[in-house]
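We will go stop by stop.

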Amino acid sequence: MEKKKIVKCVIDESGKLGVGAISLVEFPAIEENFVALSEVKLAAVNKERRMLYGPALIPNKYIFRIDKNTGEEYYMYFDSETVEKCAHLYLKKNLQHNTTLEHEFSVMGCPVVESWIIEGEKDKAYHLGLSAPVGSWVIGLNVTDDEIWQEVKEGNVKGFSIEGHFQEMAVSMSAVNVESELLSEIEKIINSVVI
C-alpha cells in the first residue's frame with residue numbers, strides 16, 4: 001500500500017475559518033448517511049416531519065481527498081476539539097440557513113434546526129439509529145422544500161457534507177497504513193476544503 005499524506009484540519013481562534021455551509025449530497029465523504037424521519041403518528045394523524053439527522057463531522061475519521069491542482073491523493077481528519085469548535089462557530093455565526101445541494105448551488109427551505117455533539121452511549125443520535133462515535137457533530141435539518149424532499153425520498157440525497165475553510169497541518173506517518181500513529185506536524189497551509 002502506498003504511503004499517503006495525512007493532514008489535520010484545524011480552525012483559528014478568530015473565527016475566520018470553519019464551516020460555512022452544509023451540503024446535501026448523495027455520497028458523503030465521511031461515509032455516513034443520515035436518517036430521514038418522514039412520518040410521526042400524532043393523535044392518529046400521520047404528518048411528514050421532513051427531518052434529516054446525521055453526522056456533519058466525525059472526529060479522527062480519515063477522509064480521502066485528491067488535490068485539484070496536483071492530483072495528489074491524501075487523507076484529512078478533524079480531532080474532537082476542532083469538531084466541537086466547528087459546531088459551535090457554525091451556530092454562533094448564524095449559518096444554519098446556509099445549505100447547498102451537491103456543493104453546486106444554494107437551496108432554501110432546508111435549515112439546520114438541531115445541532116449537538118454526541119457525548120455518550122445514551123445519546124439521542126443512537127436512538128435515531130445513527131452509529132457515529134462519541135465526539136461527532138450531529139445535525140437535524142428540516143426540509144420544507146418539496147423538490148429537495150422528493151430527492152431524499154428517492155434516495156438521491158443520502159448524507160451531509162461540510163463546506164468551509166480550514167488550516168491544514170500536514171503530519172508524517174510511522175508506517176504505510178493510514179491508521180498508523182501520527183508522529184509530527186511538518187508544515188502549515190491554508191486551503192479551502194469541501195468534504
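Select I6 and Y75. I6 stands opposite Y75, which belongs to strand β6. Keep in mind that this is a predicted model.

Now widen the selection to whole strands. Take β1, residues 5-10, and β6, residues 73-78. Five bridges join β1 to β6, and the two run parallel.

Four bridges join β5 to β6. This pair runs antiparallel, whereas β1 and β6 run parallel.

Next, follow the chain from β5 into β6. The two strands form a hairpin with six residues between them. Which residue there takes a positive phi? Select G71: its phi is near 80°.

**Into the core**

Hide the surface and show side chains. Select I22, L24, F78, W137, L141 and I162. These residues have the most contacts inside the largest nonpolar core, which has 36 residues.

Then select M51, I118, A132 and V138. They are among the nine residues of a second, separate core. As a general rule, nonpolar side chains tend to be buried together in soluble globular proteins.

**A buried serine**

Move to strand β11, residues 159-173, and pick S161, which is found in this strand. Why does S161 count as buried? Its relative accessibility is 3%, and buried means under 20%. So S161 falls on the buried side of that cut-off.

What does the side chain of S161 contact? Select H103 as well. The side chains of S161 and H103 make a polar contact at 2.7 Å.

**Zoom out**

Clear the selection and color by secondary structure. The protein chain has three helices and 12 strands. The chain has 195 residues, and 47% of them count as buried.

Bring the surface back. The protein chain exposes about 10,500 Å². Carbon and sulfur atoms supply 48% of that area.

One last view: show contacts along the chain. Residues 24 or more positions apart account for 69% of them.

Technical notes:
Residues numbered from 1 in each chain as written. Predicted model: local features only at pLDDT ≥ 70, side-chain atom pairs only at ≥ 80, totals over all residues. Heavy atoms only, no water. Buried < 20%, exposed > 50% of the residue type's maximum accessible area, 1.4 Å probe, protein only. Polar contact = N/O pair within 3.5 Å; in protein donor to acceptor, adjacent residues only side chain to side chain. Core = buried A, V, L, I, M, F, W, Y, C linked by side-chain atoms within 4.5 Å. Pairing = 2+ DSSP bridges. Contact = heavy atoms within 4.5 Å. Areas by Shrake-Rupley, 256 points an atom, 1.4 Å probe, with all protein chains shown as cover.
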